[in-house]
Every structure is written in structure tokens, then in C-alpha cells.
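Please look at the sequence and the model before reading on.

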Amino acid sequence: TSSKSVKFGVVLVQFAGAQDAPASARGRAAAKQIADKIAAEAKTDFHAAVTHGDPGSTDDAGRIHRGVLEPDTERVLFGLGQGDVSEPIETPRGYWVVKRLD
């Protein structure tokens, strides 16, 4: 079924140049390594992964409707099954590891 909205959690790993990232943010390559490690952890313990992410990471980011996120990010999130966790997705805000909650 093609849902119009999903409830999700997100772990954010910022990098220099990403939207809202501090000037002191790590480089993109370092962020990707961290995001890969966090994604592996998130598959077994999403809450622990959230605590290792950057500010803005949350177990429950609420509900998001189609058409809000970038097409690639949305495709991954809406393509997950309930309870599934994504690999890192590069977004304008940094790397996201998302978990679909419903």
C-alpha cells in the first residue's frame, strides 16, 4: 500500500557544509564512517544509536507526509517496512539513518 504519511525516528550525523551544521562539524568522509557504524547499531538498538547521533536525533520524529522530504530520502523512508532501519542517506542536513515506526 502507498501510505500518505509515515511515523519515523532519525539519527542525524552532520558534516561541514550541511544545513544547520556547526562550523566545527566533521568532514563528509568522517561523517559517512560514523553514519555507517550508527546504522549497524540502529538495526539492533535504535535508541542507543539515537544517543550516539548528533543533536536533532530522536526515537520519534513524528509523522511526515509525502512531498516534504527530498525525493531520494522520501523513497527510502516510505520504502521501509514497519520497524525497518535504513542505511545512511545523504540529505542536505547531513547523513540520516531512519527507522519507520508504522
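This is a predicted model: local features need pLDDT of at least 70, side-chain atom pairs count only at pLDDT 80 or more; totals for chains, interfaces and linings use all residues.

## A helix and the strands around it

Strand 4 is mostly covered, with six of its seven residues buried.

Strand 4 spans residues 94-100. Strand 1 runs antiparallel to strand 4, and six bridges join the two. One of the paired residues is V11, whose bridge partner in strand 4 is V97. Strand 3, residues 89-91, also runs antiparallel to strand 4 and is joined to it by three bridges. Here T91 has G94 of strand 4 as its bridge partner. A hairpin of two residues links strand 3 to strand 4.

| Partner of strand 4 | Bridges | Direction |
|---|---|---|
| Strand 1 | Six bridges | antiparallel |
| Strand 3 | Three bridges | antiparallel |

Helix 1 comes next. It covers residues 28-42, which is 15 residues, and reaches 20 Å from its first C-alpha to its last, close to the 21 Å expected at 1.5 Å a residue.

Which residues of helix 1 are buried? They are A31, A35, I38, A39 and A42. Seen down the axis of helix 1, these buried residues fall within an arc of 105°, so they line one face of the helix. An α-helix has 3.6 residues a turn, so residues three or four places apart point the same way. On the other side of helix 1, A29, Q33 and K37 are exposed.

The buried residues of helix 1 are covered by elements including strand 1 (5-13), helix 2 (46-52) and strand 4.

Technical notes: Residues are numbered from 1 along each chain as its sequence is written. Side-chain values use heavy atoms; hydrogens and water are left out. Helices (H or I, at least four residues) and strands (E, at least two) are DSSP runs, numbered from the N terminus. The expected span of a helix is 1.5 Å times one less than its number of residues. Buried means under 20% relative accessible area, exposed over 50%, partly exposed in between (1.4 Å probe, protein chains only). The arc is that of the directions from the helix axis to the C-beta atoms. Contact means heavy atoms within 4.5 Å. Two strands pair if DSSP finds at least two bridges between them.
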